[in-house]
Every structure is written in structure tokens, then in C-alpha cells.
Amino acid sequence: GHVMRCLAIYQMLQNDFNLTFVMFRPDEAVRSMLSGYNITLIELGKQMDTDFSEKFDAVIVDGYWFDTDYIKKIKEKNKKIIQIDDLTGNEFFSDIIINHAIDPDYSKAHFHGKHDLLLGNKYAMLRQEFLNVKKRIFPPHELKTITITMGGADPCNYTLKILKALTTFGPHLYKKKKFNSSFIKNINSIN
């Protein structure tokens, strides 16, 4: 998911900026995908290396393993930091924090320095493949299956709300269900 969000950002900015992906041990599938987009890739020799940041004016950080100390080290090199955050963390050194969740709450967060919060689904990072899809309206009786992708966590229990709303389309949509119960509250209400 993090790589795909960064790919969406790349697609949005590639005509205006020179962009490079910096990763620690990307697998062959990721390398292949990035080369298909002609994306320059720097592979870090060790995890949490910050030396790469000296080559760039700004760094976009997306990943759960980038802790506050790591971001602070990049910031100390006078770099602008844009942080993709979907956990509503507690402490930020970033100049811009993007969280495309519905109503993220940063009221208890501590920010070091001037910052901008870009919050809500209008900041969703969608790849061109999704942005270019033509909108089609399907009458409910024509729907055979629906795929819902929620991501890795659902702290507000939106999955259950969406599934309940879909019952208006009829029970025929519930032939196959696959849920990761560790992330869904009230899993017994769904099954």
C-alpha cells in the first residue's frame, strides 16, 4: 500500500519535479514495477539511513517504520518533509502531514515548527489507473459481485457499516466473504 501511494504521488508530480524512490531492500516485484514507470530507485544499504536526503530538496515519507527520530534526522539536514500518516501519530517534525482518512483527529498531536495538515478524502492518493476510470452506474439488480478494499485497519468500524448498507442490494452479493478479523471490530456481526 505504501509503495502504491508513493506511485500515485509520483504520477501526480512527475511533470513538475524530478522524483526518486528511496527504499530499503525492495523486492524484485517492486523493482520491476518501478522500472516499468522509469522511476529512479536508490536502494539503501542499511535501514534508516539518512545520507540520501542530502541530494534532495524535499523528502516524502510513507511507512510505519519511520519513527520520529528518523524524521527528525532528515529535518536537521534542512529538508522539507512531507509525511503520509494514517495513524494520527503523537509527535511530528514534518512540514506537511497528509492523512486521507475520514475525520482524522490530530488534537492531541505535538507539532515541532510550522506545518500544514492536509486531511480528509480529498487528499486521497489515487493512481492514474483509478482516476481515469469512466464512471458507470449499475442498477442494483445487475450487480453480481462487489469488491471492497478497506486497507489494513478499520478503527472506526466502517467495514460493518458499509456491509450493512450493501444489504439493500440483496443477499446475492454475499456468496464469498473474506475478512481479516484482527482489524475489524464486531467480526461476529459480519459473519
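**Starting from Tyr 70**

Setting aside neighbours within four places in sequence, Tyr 70 is in contact with Leu 44, Met 48, Asp 49, Thr 50 and Phe 52, where contact means heavy atoms within 4.5 Å. Keep in mind that this is a predicted model, in which local features need pLDDT of at least 70, side-chain atom pairs count only at pLDDT 80 or more, and totals for chains, interfaces and linings use all residues. Residues are numbered from 1 along each chain as its sequence is written, and side-chain values use heavy atoms, with hydrogens and water left out.

Tyr 70 also belongs to the largest nonpolar core, which has 10 residues, including Leu 44, Phe 52, Val 59 and Ile 81. Such a core is a set of buried Ala, Val, Leu, Ile, Met, Phe, Trp, Tyr and Cys residues joined through side-chain atoms within 4.5 Å; buried means under 20% relative accessible area, with a 1.4 Å probe and protein chains only. H3 gives the most to this core, with three residues. Helices (H or I, at least four residues) and strands (E, at least two) are DSSP runs, numbered from the N terminus.

Now for the sheet. Four strands form an open, parallel sheet in the order E3-E4-E6-E8; two strands pair if DSSP finds at least two bridges between them. Strand E3 (58-62) and strand E8 (116-119) stand at the edges with a single partner strand each, so one side of each is left without a neighbour in the sheet. Four bridges join strand E6 (residues 96-99) to E8, and Asn 99 stands opposite Leu 119 in E8. Helix H3 (residues 68-75) packs on the sheet, touching E3 and E4.

Note on methods. Axes are lines fitted to C-alpha atoms, for helices over the stretch in contact, and angles run from 0 to 180 degrees between N-to-C directions. Buried means under 20% relative accessible area, exposed over 50%, partly exposed in between (1.4 Å probe, protein chains only).
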